[in-house]
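Hello,

Here is the structure for your files. My notes follow below it.

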Amino acid sequence: MIIGEQPESWTDFALQFLLAHPAVTTVVIGMNTLEQMERPLAAVDAGHPDADLVDEVDRVSERCGRLPKETLFG
């Protein structure tokens, strides 16, 4: 395990991570139905990773290059 526990949903984590990252100014998600919209809205309402986790993911990414998500969280 490199960083911590595997998130419940990679899609939710990706959205939350982007919103928490200081280099990201906006996020655009394509959705076609109400069902598709509900999940990202719930992810945003759930909050985002703390700054320490965002920084750690950045450090690991820089050191290792692209990693499969299974490798990143164990």
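How many aromatic pairs does the structure hold? There are two, where Phe, Tyr and Trp rings (the six-membered ring for Trp) pair if their centres lie within 6.5 Å, and planes under 30 degrees apart count as stacked, over 60 as edge-to-face and the rest as tilted. One has the rings of W10 and F13, with centres 6.0 Å apart and planes at 85°, so this pair is edge-to-face.

This is a predicted model, in which local features need pLDDT of at least 70 and side-chain atom pairs count only at pLDDT 80 or more, while totals for chains, interfaces and linings use all residues. Residues are numbered from 1 along each chain as its sequence is written, and side-chain values use heavy atoms, with hydrogens and water left out.

W10 counts as buried at 18% relative accessibility, and F13 does so at 10% (buried is under 20% relative accessible area, exposed over 50%, partly exposed in between, with a 1.4 Å probe and protein chains only). Together with F17, W10 and F13 form one aromatic cluster.

Q16 sits in helix 1, residues 10-20, and is buried at 15%. Leaving aside neighbours within four places in sequence, Q16 is in contact (heavy atoms within 4.5 Å) with A43, A46, G47, H48 and P49.

L41 lies in helix 2, residues 34-45, and is partly exposed at 46% relative accessibility.

Regards

Notes. Helices (H or I, at least four residues) and strands (E, at least two) are DSSP runs, numbered from the N terminus.
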